Amino acid sequence: MSDIDLHDLSRCYGRVFTGCELVVPGVNRTYRLAAGGDLSYLRLYRPVGRSLTDIAFELRLLRQVRTTPGIDVARPIRTVDGLDCARVAFGGVSRTACLFHALEGRPITDAPEDVALFGAALAKLHAAMAGIDGGGARPLDAGALCLRAAISLTRIPGSEAARRAVDRCRAEILGDPAAHDLPSGNCHGDARTANAVVRDRTVGFFDFDDCGYGPYLLDLGTAARHFAAGDPSRTGALIAALLRGYDGERSLSSGERHALPHYVKLAEVRSLLFLADFCLLADGLWPRVLDRATKLLERGLTI
C-alpha cells in the first residue's frame, strides 16, 4: 500500500502507475514507480528550505544539460498539462513533486578504476552544464555556507567544538588567496558516487537537489570528502584516482589543487548544515556526528 495516491498521480502524468516503493525517506522523499515495464522516480521536495525558484533552476538545468558521450542525467518528466512539477498530497499536506526518468546502471564502487571514471564524468558534467542560465541559480559561496552552518548548529546542544571548527574552516578559506577566483560554473551540489550509476562506461547522475553556481571544487571536494572520511589506508589512492580522472577531461590549476583541502572540509560543513536544518537526529547520534566532523575539520589535509 502506498502513502501517496497513485490514481491521482497516474491522472496527473498520463500513465498508469502499478507499483510504488519508497527508496529514500526523510526530508526529500523519493519513490520508485512502475508503469508497466517502465520505471521512473518521484521526488517529494521538502516543504521548507527549498524555494520554487530553486526547484525551477534545478529542472531547467537538467532539461538543458548538453548531451555528452560518457555521461547522462536523470531528466524531469512534465505533467500532462506541460508543467514541470505536480502537487502531491502527503500526510495531509500538499507537497511539490517532480517525476524523473530512471537511469539504468550499477552502483559505482570504490575501486580506483570506478572512481577515476566518476572523476572524468564529473568534469564532463561540468562542461555540459556550463553557460546554462537558470535565471535564479543558487549561489554556493563557501564563506556564506560556513556562516549558515555555524548559526544553525547553535540549536544543537554540545556543538561548541564543532562550531569553532567551522569558524576556523571559514577563516582558512577566506584567508587563502588560492581559494579565490577559482574556475566556477553550475555544480551538481552533492557529487558523490552514491548519486550516480554506471552502464557501459557511461555515468548517470541523479539527485541535483543541492545544485547551484559556485567553484567546481565544491563538487570535487564533496566526492573527496567521502573518501577522506573512510578507510585512511585507502584515502590517498582514491582521491588520486578521482583527480586523475577529472584532470584527464579538464586540467586542474595549481590553485585548485592547493585549495581542494578547503573544499573537502567545506563538504563536511555542508553536511552539518543539512543535518542541523532539516534532519531530526536522535539525541544520541549528534555527539558522534559532531565528533567525527570536528576531527575532520581540524585535520591538516594534504592532497
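Helices (H or I, at least four residues) and strands (E, at least two) are taken here as DSSP runs, numbered from the N terminus, and their axes are lines fitted to C-alpha atoms, for helices over the stretch in contact, with angles that run from 0 to 180 degrees between N-to-C directions. The model is predicted, so that local features need pLDDT of at least 70 and side-chain atom pairs count only at pLDDT 80 or more, while totals for chains, interfaces and linings use all residues. Residues are numbered from 1 along each chain as its sequence is written, and side-chain values use heavy atoms, with hydrogens and water left out.

**Helix packing**

Two packed helices are described by the angle between their axes and the distance between the axes. The table gives both values for two helix pairs.

| Helix pair | Axis distance | Crossing angle |
|---|---|---|
| α4 (residues 142-153) and α8 (residues 254-278) | within 9 Å | roughly 40 degrees |
| α6 (residues 217-228) and α7 (residues 232-247) | within 9 Å | roughly 160 degrees |

Because angles under 35 degrees count as roughly parallel, over 145 as roughly antiparallel, 65 to 115 as roughly perpendicular and the rest as oblique, α6 is roughly antiparallel to α7, whereas α4 is oblique to α8. A crossing is left-handed if the near helix is turned anticlockwise from the far one by less than a right angle, and right-handed if clockwise; α4 passes α8 in a left-handed crossing, and α6 passes α7 in a right-handed one.

Contact means heavy atoms within 4.5 Å. On the α4 side, the residues that meet α8 include Leu145, Cys146 and Arg148, and their counterparts in α8 include Tyr263, Leu266 and Arg270. The residues of this contact of α4 with α8 comprise eleven nonpolar, one polar and three charged, where Ala, Val, Leu, Ile, Met, Phe, Trp, Tyr, Cys and Pro count as nonpolar, Asp, Glu, Lys and Arg as charged, and the others, Gly among them, as polar. In the other pair, Leu220 and Phe227 are among the α6 residues that meet α7, which contributes Thr235, Leu238 and Tyr246 among others; the residues of that contact of α6 with α7 are ten nonpolar, one polar and no charged.

**Strand pairing around β7**

Two strands pair if DSSP finds at least two bridges between them. Strand β7 (residues 93-101) runs antiparallel to β3 (residues 38-44), to which five bridges join it, and Leu44 stands opposite Ala97 in β7. Strand β5 (residues 76-77) is also antiparallel to β7, through two bridges, with Pro76 opposite Phe100. Five bridges link β6 (residues 86-90) to β7 in the antiparallel sense, and Phe90 has Val93 as its bridge partner in β7. The hairpin of β6 and β7 has two residues between the strands, and in this hairpin Gly91 takes a positive phi near 60 degrees.
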